[in-house]
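Hi there,

Here is the structure I promised to pass on. Have a look at it first, and my notes follow below.

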There are 2 protein chains.
Amino acid sequence: MKTYRTLTNDIIEQLKQIVSESFVFLDEETRTAYGKDHTEDLVFPPAVVVKPKSAQEISQIMKLANEYLIPVTPIGARTGLSGGMLSVYQGIGLSLERMNEILNIDTDNLQVITQPGVITQVLQDAVLEKGLFYPVDPSSKGSCFIGGNIAENSGGARAVKYGVTKDYVLNLEVVLPNGEIIETGANTLKNSTGYNLTQLMVGSEGTLGIVTKIVLKLLSKNDFNVLMLVPFYDMNEAAKAVSEIFKVGIVPSALEFMERDAIDWTLKFTDAIEIGLKDGIQAHLLIEVDGNYQDVLFAQAEKIMEVVEQFRIDEVFYAETEEQKNALWKLRRNVAEAVKSHTIYKEEDTVVPRYELPALLKAVKEIGAKYGFKSICYGHAGDGNLHVNIIKGDLTDEQWQNDVPKGITEIFEKTVALKGTLSGEHGIGLVQKNYMPIAFSDISLQLMKNIKNVFDSKGILNPGKIFPDNFSENSY
Amino acid sequence: MKTYRTLTNDIIEQLKQIVSESFVFLDEETRTAYGKDHTEDLVFPPAVVVKPKSAQEISQIMKLANEYLIPVTPIGARTGLSGGMLSVYQGIGLSLERMNEILNIDTDNLQVITQPGVITQVLQDAVLEKGLFYPVDPSSKGSCFIGGNIAENSGGARAVKYGVTKDYVLNLEVVLPNGEIIETGANTLKNSTGYNLTQLMVGSEGTLGIVTKIVLKLLSKNDFNVLMLVPFYDMNEAAKAVSEIFKVGIVPSALEFMERDAIDWTLKFTDAIEIGLKDGIQAHLLIEVDGNYQDVLFAQAEKIMEVVEQFRIDEVFYAETEEQKNALWKLRRNVAEAVKSHTIYKEEDTVVPRYELPALLKAVKEIGAKYGFKSICYGHAGDGNLHVNIIKGDLTDEQWQNDVPKGITEIFEKTVALKGTLSGEHGIGLVQKNYMPIAFSDISLQLMKNIKNVFDSKGILNPGKIFPDNFSENSY
């Protein structure tokens, strides 16, 4: 483990000189607020919160941190689910919130250049106004930052058709841990020029550099969509239906799975929409198709109906108005929050090849029964991405601390045995790092650690993330 | 520069024990044949050619090479255009041609697992038989290997709609330079678990590891396409029309640019098709749309017509039969070979944001005029990817050696100024490496070099590629 120095008044003074006094915060309220995200109930406040306005200011901060061996943790919108922004070694909490400008919406090249502190939905709305479409659609889009999406390689409901964040990132400006500023690539759709530093940066959870400018590919907007909610009497059949839909040649723009409790709890939490949740219904699929030709969408919806009707389903609900569509999406997006309001929980972000979803779901329930915990499962079934919310409920603290992690280990082992992995879109951050050896051999982890050392030889940038606690730093 | 040892009889004997005597070749004919690809007229034979059959055999070879400090150059189908497989330091030429099995076509998950030595078109045909579609379509697909496509991050005509190789690679089995075998990721559509080693490997041109197993995402096949050839009286207008097509919301499955000479020379080279090439036509766009709904394709074709008719064009040729479609594609795919049969040339693989294509084209012609060379330009205009074939023609050897590289430098400087880069799909390999400082700062190159050192501290795997000759190895 690295030994860091603590902040001195002298360093605080230098920080104030870089970003001005008004953007250096030492008060407990601010530090606490910037010491937590949406991950469980964890709080790790930084010793100081700074809010720079430019890559140049960040560069100066990193040079200072390098000189004095002070840990720096980049902070986005604090909506993360793996604790990637928690200042576990205190030091400087570096908020990107003031770098919130959309710099250029390029309607000629179908690209947008943006700073990292822009809220994802604000970006989506701004490009939509010009007839363009940024499809990556995390559930937290109303509050998360696009920079955080880069850090975690965020997905969301539309990833099944449109891909995840990494599929839209063309080029990045990055401040390296030593304060140097680089561009990782070019503003082009194709690039075979040297190693792919852009893709190395995406999903690296703020451990390799601080992204200060982002060039994203855009699409033209779609004019139409059809949204339907299909209730299944058997949750495994719902999971099976997912891959059957792709087999008939349809790529839905969203294919979401929600087990009964996910909907039930959310209906109690939000008044989004009235759904008659019949006895015996175990799960729902929320299915959307989109495009520019309404006839095609109706034909696709019909084909989807033919598939789901092969299973035991109840009456399918078609959203007929924009209002109904928004309500259905609100229902889906509120699941996590509804569960959280109900009980303490741990959220796992398992992902498997799509067809293995029923096997994963079955295993999750069996392992839960073995260790005595209940789980609420939902997520992006079209991608094989199942969110497993493990509920504290009536468990004792001891069971929560000791038994549940054993169960999670078994769930991850099963996930990896199915050729899947630990996280589809939330990242490893703090809370999943000790499970990394389930997904990667020691050799692979060592390669990653050595890459980390290439970028950050002093280990000052976002320390304590991704790599297991007991990870030995023997060279590969 | 590293100093390598030469092969001894003892090492040759050990190689024979690993792959058996029949797959170790020391004769000049074989060594010469495995010492060239499609890059100019360059020949760099390895001291020995070995043809292993498995990751285990490759692992043993790498352990041996590590022990004795022997350079190893991975060799695919030898169709590369940047000299990535040339054994510039002799040593072991490691051919992947015997690892040519498609291991599993997974119709449940829409994935294929394959060895690297499978010809891309063989793979495409095999999955198509099961109703599936691998869209990445390099012009050399009839002879190149899928492993080589991974190494160079190959593109091709359909990249404009479907993306390049990197967009289909889910997971890789890789033999590292020290002989260890790893998997880079998981067989999932999404992955936010640690650094993206998969994407680091794609496009690394066989310098970080030897790919021995590949998991690719597949799509469902499309039933229909429409293909048209549009002759333009002004080549800059053809280039401009490209981004106009995207602006009306259409994403063609191919949008290829060919200037007059490209077609003219190819018509003389192949009897693929009869095209009345009228006086005054300066360039053609070859445009394809594909999908499952023929009515939609006709509507899109009509919209495309509305766009191109705003420019000075001659009569548009619609391919009505499969035969005509194949003939048009044959014409396009044969351009490079036709030019090559005509004269010695250097092929550049410039790529810019799509809208900058006219500016790039204009600059290429002006720089050619300045340095006295002729160029034939064609390529994947929808991606902003312009292949510039610089023709030796009547140039003296001295002009070819001295003036042309100056012109290429200026072309690349212009490309980068337009926010583009050196290579869209051919890679850097041997012939472009000295231009790398145009695209990357010293800091970025140093990061890449240090990543190379993480994987290959002895520098034995595919040495002499990507990094400039005079690149100093000061640590970042």
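Which residues does D234(A) touch, not counting residues up to four places away in sequence? They are Q282(A) and R312(A), where contact means heavy atoms within 4.5 Å.

Before the rest, a word on the basis: this is a predicted model, in which local features need pLDDT of at least 70, side-chain atom pairs count only at pLDDT 80 or more, and totals for chains, interfaces and linings use all residues. Residues are numbered from 1 along each chain as its sequence is written, chains are lettered from A and ligands numbered from 1 in the order in which they are written, and side-chain values use heavy atoms, with hydrogens and water left out.

Back to D234(A): you will find it in the loop between strand 12 (224-232) and helix 8 (235-247) of chain A. Helices (H or I, at least four residues) and strands (E, at least two) are DSSP runs, numbered from the N terminus. A polar atom of the D234(A) side chain lies 2.7 Å from the backbone nitrogen of N236(A).

Helix 8 of chain A packs against helix 13 (residues 357-371) of chain A at an angle of about 150°, with the axes 8 Å apart. This makes the two helices roughly antiparallel. Axes here are lines fitted to C-alpha atoms, for helices over the stretch in contact, and angles run from 0 to 180 degrees between N-to-C directions; over 145 counts as roughly antiparallel and 65 to 115 as roughly perpendicular. From helix 8 of chain A, M235(A), N236(A), A239(A), K240(A) and V242(A) meet L357(A), P358(A), L361(A), K362(A) and K365(A) of helix 13 of chain A.

Another pair in chain A is helix 9 (residues 260-269) with helix 12 (residues 335-342), whose axes come within 8 Å and cross at roughly 80°. Helix 9 and helix 12 of chain A are therefore roughly perpendicular to each other. Among the residues that meet there are W265(A) and F269(A) of helix 9 and V335(A) and H342(A) of helix 12.

Now for the two chains together. A rotation of 180° with 0.0 Å of shift along its axis superposes chain A on chain B (RMSD 0.0 Å), by least squares on the C-alpha atoms of residues with pLDDT of at least 70 in both. That is the relation of a two-fold axis. The copies meet through the same surface, because 100% of the interface residues of chain A are also interface residues in chain B.

Between the chains, the axes of helix 16 (residues 442-455) of chain A and helix 16 (residues 442-455) of chain B come within 10 Å and cross at roughly 150°.

Best wishes

Note on methods. A polar contact is a pair of N or O atoms within 3.5 Å; within protein, one must be able to donate a hydrogen and the other to accept it, and residues adjacent in sequence count only if both atoms are side-chain atoms. Angles under 35 degrees count as roughly parallel, over 145 as roughly antiparallel, 65 to 115 as roughly perpendicular and the rest as oblique.
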